[in-house]
Amino acid sequence: MTTAVPLSWYLILSAILFGLGVAGFVFRRNIITVFMSIELMLNAVNLSFVAFSYQLRQTDGHIYTFFVMVVAAAEAAVGLAIILTVFKNRATLEIDEVSDLKN
Amino acid sequence: MDIFLFILFASIAVFCAVNVVVQTHPITSALSLVGVMGALAVLYLLLGAEFIAAAQIVVYAGAIMVLFVFVIMLLNAGGEAKSAGRSQMVRWLGIPLFTIFIGLLSYIVQRSVPAGPGVSFGQFTGGTPRDVGRLLFTQYLLPFEATSVLVLIAILGAVVLARKEIE
């Protein structure tokens, strides 16, 4: 006996995860934690893609999820290299102290 | 059974996501993020996306998060200092307002999504590696090749950035 889960529950879960990612992105001040919040948002979007893919009975959403994963991997590699460079030059991980582009 | 699994793993995902945002130490956040990704992989399986679930575990929880943990340990990142200069209003109003926002969003989503038969495990079997691979190498061949170039550029960029000293 299986009970079906409404599709909207998946979308609501996706929205909650995305909102938490935005909150982390805005309120945290450690560069690495901010970066992890971005990954959280990407994961939330992936869940939406897969849920819609199920609803439409098409595999295309899975392909988009796959591409998002590839982009996330590339972004993580470059972003962490940037974090390493920032830390090497400034010895800090606080985003408030890295403000050369401000004004 | 479906609804039980969904509620179990959705609550694990939300709990771990809250932990990612709330914890002050980056390594705790990283491990919580691994929890989110594992729970999401189970939800992908429930949605019939077998290949994506495996890729989620291998690529996200395996490769990307190891990179994160590696950098955190390399930089010996400690906990965040207590937030100074941030108004108390943010602290007390943030959580209730966030909850209200999520509630409104859930209401809108609930209203706007048509009530279909719902998601039950095994109803959609188009997410096997065979289906994904066939689509990836026929219809989406050009984007696939473009991502390979993107990854190559990212590798080169990471190498150049990590070894160059900026004065």
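Buried means under 20% relative accessible area, exposed means over 50%, and partly exposed lies in between (1.4 Å probe, protein chains only). This is a predicted model, in which local features need pLDDT of at least 70, side-chain atom pairs count only at pLDDT 80 or more, and totals for chains, interfaces and linings use all residues. Residues are numbered from 1 along each chain as its sequence is written, chains are lettered from A and ligands numbered from 1 in the order in which they are written, and side-chain values use heavy atoms, with hydrogens and water left out.

Start with A:R29. This residue is buried, with a relative accessible area of 10%. A salt bridge here is a side-chain nitrogen of Lys or Arg within 4 Å of a carboxyl oxygen of Asp or Glu. Side chains of opposite charge can pair when their charged atoms come close. Over all chains, the rule counts three salt bridges.

| Salt bridge | N to O distance |
|---|---|
| A:R29 and A:E94 | 3.6 Å |
| A:D96 and A:R29 | 3.7 Å |
| A:D100 and A:R90 | 2.5 Å |

A:R29 pairs with A:E94 at 3.6 Å. The two come from distant parts of the chain, 65 residues apart: A:R29 is in the loop between α1 (7-27) and α2 (31-56) of chain A, and A:E94 is in the segment after α3 (60-90) of chain A. Helices are DSSP runs (H or I, at least four residues), numbered from the N terminus. A:E94 also counts as buried, at 16% relative accessibility.

The side chain of A:R29 also meets that of A:D96, at 3.7 Å. A:D96 lies in the segment after α3 of chain A and A:R29 in the loop between α1 and α2, so this pair ties together parts that are 67 residues apart in sequence.

A:D100 and A:R90 form a salt bridge of their own, with the closest N and O atoms 2.5 Å apart. A:D100 is in the segment after α3 of chain A and A:R90 is in helix α3, ten residues apart. A:D100 is exposed, with a relative accessible area of 61%. A:R90 is partly exposed at 35%. Shared partners join A:R29, A:E94 and A:D96 into one network.

## Positive phi in chain A

Most residues other than glycine have a negative phi. A:R57 has a positive phi, near 55°, and is not a glycine. A:R57 sits in the loop between α2 and α3 of chain A. Its relative accessible area is 40%, which makes A:R57 partly exposed. A:A91 has a positive phi of about 55° and is not a glycine either. A:A91 is in the segment after α3 of chain A. A:A91 is exposed, with a relative accessible area of 60%.

## The interface of chains A and B

Chain B and chain A bury about 7,000 Å² between them, 75% of it on carbon and sulfur atoms. Buried area is the accessible area (1.4 Å probe) that two parts lose on being put together, summed over both. Contact means heavy atoms within 4.5 Å. The contact takes 84 residues from chain B and 68 residues from chain A.

On the chain B side, the elements giving two or more residues are α1 (2-22), α2 (26-46), α3 (50-75), α4 (88-112), α5 (129-137) and α6 (141-163) of chain B. α3(B) gives the most, with 13 residues. The chain B side divides into 60 nonpolar, 16 polar and eight charged residues. Ala, Val, Leu, Ile, Met, Phe, Trp, Tyr, Cys and Pro count as nonpolar, Asp, Glu, Lys and Arg as charged, and the others, Gly among them, as polar.

A:N46 has contacts in both chains. A:N46 is in helix α2 of chain A. This residue is buried, with a relative accessible area of 0%. Leaving aside neighbours within four places in sequence, A:N46 is in contact with A:T65, A:V68, A:M69, B:Y44 and B:Y60.

## A serine in chain B

B:S32 lies in helix α2 of chain B. B:S32 is buried, with a relative accessible area of 6%. Not counting residues up to four places away in sequence, B:S32 touches B:C16, B:N19 and B:V20. A polar atom of the B:S32 side chain lies 2.9 Å from the backbone oxygen of B:T28.

Notes: A polar contact is a pair of N or O atoms within 3.5 Å; within protein, one must be able to donate a hydrogen and the other to accept it, and residues adjacent in sequence count only if both atoms are side-chain atoms.
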